[in-house]
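Work through these exercises with the sequence and the model side by side. Try each task before you read its solution.

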Amino acid sequence: HHDGKSVRVGVGEAVPENQGDFAACFLRDNASYSTCSPDLLEYAREIARAGKNLFVSSESFLALQEPERLKKLQEYLSQWDQVRIIIFYRRFYDWISSMHNQ
């Protein structure tokens, strides 16, 4: 069920729809302005078990530079048979304008 603010997984808690929170789960605990959402990770696991696709986009992945954190993300993504990573570069002045407006 999708109400624009959260996704309901069966009969349980609403899962926040913040992809920055998803990305934060793979960063150092204090490296992100977002907080890891274990419920969001579990929801994604349910998507993987159902054989469905998952699309995640977050500028927070930029901070994912430590080898052990990349390994953690790799292990998590291994739930899917195929993973495609797409990198998009946003020009600095477009990014800084977006950050200011948020």
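A residue counts as buried when its relative accessible area is under 20%, and as exposed when that area is over 50%. Keep in mind that this is a predicted model.

**Exercise 1.** Find which residues of α2 are buried, and decide where they lie around the helix.

*Solution.*
- Step 1: apply the cut-off. L40, L41, A44, I47 and A48 of α2 come out as buried.
- Step 2: look down the axis of α2. The buried residues fall within an arc of 110°, so they line one face of the helix.
- Step 3: recall the helix rule. An α-helix has 3.6 residues a turn, so residues three or four places apart point the same way.
- Step 4: turn to the other side of α2. There P38 and R49 are exposed.

**Exercise 2.** Check the span of α2 against its 12 residues.

*Solution.*
- Step 1: at 1.5 Å a residue, α2 should span 16 Å.
- Step 2: compare with the model. The end C-alpha atoms of α2 are 17 Å apart, which agrees.
- Step 3: go just past the helix. G51 takes a positive phi of about 75°.

**Exercise 3.** Describe the largest nonpolar core and the element that gives the most to it.

*Solution.*
- Step 1: count. This core has 14 residues.
- Step 2: pick out those with the most contacts inside the core. They are F22, F26, L41, Y76 and W80.
- Step 3: assign elements. α2 (38–49) and α3 (67–77) each give two or more residues. α2 gives the most, with five.
- Step 4: follow W80. Beyond its neighbours within four places in sequence, W80 is in contact with A44, I47, A48, K52, N53 and L54.

How values were computed. Residues are numbered from 1 along each chain as its sequence is written. This is a predicted model: local features need pLDDT of at least 70, side-chain atom pairs count only at pLDDT 80 or more; totals for chains, interfaces and linings use all residues. Side-chain values use heavy atoms; hydrogens and water are left out. A nonpolar core is a set of buried Ala, Val, Leu, Ile, Met, Phe, Trp, Tyr and Cys residues joined through side-chain atoms within 4.5 Å. Buried means under 20% relative accessible area, exposed over 50%, partly exposed in between (1.4 Å probe, protein chains only). Helices (H or I, at least four residues) and strands (E, at least two) are DSSP runs, numbered from the N terminus. Contact means heavy atoms within 4.5 Å. The expected span of a helix is 1.5 Å times one less than its number of residues. The arc is that of the directions from the helix axis to the C-beta atoms.
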